[in-house]
Amino acid sequence: MSFQSLGLSEALLKAVSKKGYTTPSPIQQKAIPPVLEGKDVLASAQTGTGKTAGFTLPLLHLLSENPKEKYRPIRALILTPTRELAAQVYANVKEYSEFLNLRSAVIFGGVNQKPQASAIRQGIDILVATPGRLLDLQNQGLLSLKRVEIFVLDEADRMLDMGFLRDIEKVIAMMPEKRQNLMFSATFSKDIKKLAHGILNYPIQVEATPENTTVEAISQKVYRVAKAKKTDLIIKLISEGNWKQVLVFTRTKHGANRLCEKMVKSGITAAAIHGNKSQGARTKALAGFKTAKIRVLVATDIAARGLDIPLLPHVINFELPNISEDYVHRIGRTGRAGASGEALSLVSADETTFLKDIEKLIEMKLPVEVVEGFEPDPNASTVPIKQGQGRQNRSRGNSNNSRNSNRNSNRNNKSRRPKRNSDRRN
Ligand code: AMP
């Protein structure tokens with residue numbers, strides 16, 4: 001199948017070919033036609049499938065078919081959970097709309113709102129936003145969503161994980177009832193289905209290649225190790241393997257900082273990327289990593305979500321995630337599309353339950369290795385780490401009233417409270 005056969009305008013085909021794309025990805029082949037027909041779409045796709053072009057290209061096509069003269073109200077809203085994702089989606093919107101007479105802007109927290117408000121005031125057709133900043137500007141009377149024709153909810157599952165449900169509801173109440181809705185999510189929990197039911201009208205359901213195909217293509221290994229020896233082991237593996245471009249996941253922001261410092265001390269260039277880092281620091285870390293100035297990027301799940309980094313040779317779980325699906329998202333950063341990649345997990349006794357849950361989800365047993373001198377502690381407890389012991393900890397099914405654990409509550413947690421300015425904290 002070609003992009004031409006999807007019925008996209010010449011201006012869009014030109015932009016697509018400038019990007020170097022020759023064939024639409026499966027999610028693009030499936031999502032673009034119904035969107036062009038004006039239908040609501042519910043798509044199952046994660047980062048790396050080409051989902052952004054899957055909704056952006058037909059959205060731009062529809063808007064440019066029916067241009068609005070002079071005064072430009074916001075006609076399309078793309079809502080994303082994180083600042084990084086918002087910035088990436090916006091970059092794509094800019095690229096794909098290069099040959100169209102459409103204007104766009106991006107807004108997210110953590111940076112000065114003035115330039116954002118000024119861009120909106122000048123008139124834009126497409127707004128890419130995170131929920132907190134969007135509601136902030138709306139509350140100040142700096143934007144109106146009353147003319148939105150197309151609404152895109154990107155990474156809906158992550159939105160719920162981050163406690164954005166109430167914010168999404170508020171945003172929906174600000175838009176006209178008659179509009180086209182597109183919802184993208186990597187996973188489909190009961191909560192996501194409920195949300196989809198509330199937003200979408202007779203949606204066409206489309207999905208990208210099932211996730212387990214990806215999982216099977218990745219070479220995975222578990223290193224059983226004593227908790228206290230994890231740092232030394234990871235440094236040994238990276239140094240001795242002379243690995244470059246390693247993405248390391250930790251469960252907490254604090255853990256990411258600590259590990260990063262130790263790596264730098266032992267001569268490995270590393271940077272941490274998480275919610276307590278300024279936007280500037282995050283952008284710099286990501287740029288350094290992409291250009292191979294930084295060998296190791298240490299990230300938390302939320303910060304890493306949606307990062308537009310090409311296939312990586314090595315992904316290491318310094319700690320296993322306590323939500324099994326996050327393991328699949330993490331290792332999906334390597335070995336896609338047939339490229340070789342390796343996903344390693346350092347597992348201590350207290351993570352045994354997490355490992356079992358992951359193996360159940362991916363329906364395979366992971367090969368285990370023990371490195372001499374880094375053996376697991378035979379006396380260590382196998383009781384899982386409790387919620388609250390990690391600041392970004394998301395435990396299974398427990399409701400908890402602290403701000404952090406509520407924000408990071410898992411997909412089954414119903415006790416979500418409204419958040420203000422939540423995107424500042426991602
Ligand atoms: P996404 O899933 O939207 O984050 O896209 C993942 C990566 O695939 C991005 O770097 C895109 O630029 C790239 N991409 C999207 N569509 C295509 C395509 N049809 N052919 C090749 N690369 C693509």
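Tutor: Start with Gln28: an N or O atom in its side chain is 2.7 Å from a nitrogen atom of the ligand. Keep in mind that this is a predicted model.

Student: What does Thr52 do with the ligand?
Tutor: An N or O atom in the Thr52 side chain is 2.6 Å from an oxygen atom of the ligand.

Student: And Gly50, which part of that residue is involved, backbone or side chain?
Tutor: The backbone: a polar backbone atom of Gly50 is 2.7 Å from a ligand oxygen atom.

Student: How much of the ligand does the protein bury?
Tutor: The ligand taken alone exposes 490 Å², and the protein buries 74% of that.

Student: Which residues come nearest to the ligand?
Tutor: There are 14 residues around the ligand, and Tyr21, Gln28, Gly48, Gly50 and Thr52 come nearest.

Student: What is that shell like by class?
Tutor: The shell around the ligand has 8 polar, 3 nonpolar and 3 charged residues.

Student: OK, helices now. How do helix 1 and helix 4 cross?
Tutor: Helix 1 covers residues 10–19 and helix 4 covers residues 83–96; their axes come within 8 Å and cross at roughly 120°.

Student: What do you call that arrangement?
Tutor: Oblique: the crossing angle of roughly 120° makes helix 1 oblique to helix 4.

Student: Which residues meet there?
Tutor: From helix 1, Leu12, Ala15 and Lys19; they meet Asn92, Glu95 and Tyr96 in helix 4.

Student: And by class?
Tutor: The residues of the contact of helix 1 with helix 4 are 3 nonpolar, 2 charged and 1 polar.

Notes. Residues are numbered from 1 along each chain as its sequence is written. This is a predicted model: local features need pLDDT of at least 70, side-chain atom pairs count only at pLDDT 80 or more; totals for chains, interfaces and linings use all residues. Side-chain values use heavy atoms; hydrogens and water are left out. A residue is near a molecule or strand if one of its heavy atoms lies within 4 Å of it. A polar contact is a pair of N or O atoms within 3.5 Å; within protein, one must be able to donate a hydrogen and the other to accept it, and residues adjacent in sequence count only if both atoms are side-chain atoms. Accessible areas come from the Shrake-Rupley method with a 1.4 Å probe; for residues, only the protein chains shown count as cover. Ala, Val, Leu, Ile, Met, Phe, Trp, Tyr, Cys and Pro count as nonpolar, Asp, Glu, Lys and Arg as charged, and the others, Gly among them, as polar. Axes are lines fitted to C-alpha atoms, for helices over the stretch in contact, and angles run from 0 to 180 degrees between N-to-C directions. Helices (H or I, at least four residues) and strands (E, at least two) are DSSP runs, numbered from the N terminus. Angles under 35 degrees count as roughly parallel, over 145 as roughly antiparallel, 65 to 115 as roughly perpendicular and the rest as oblique. Contact means heavy atoms within 4.5 Å.
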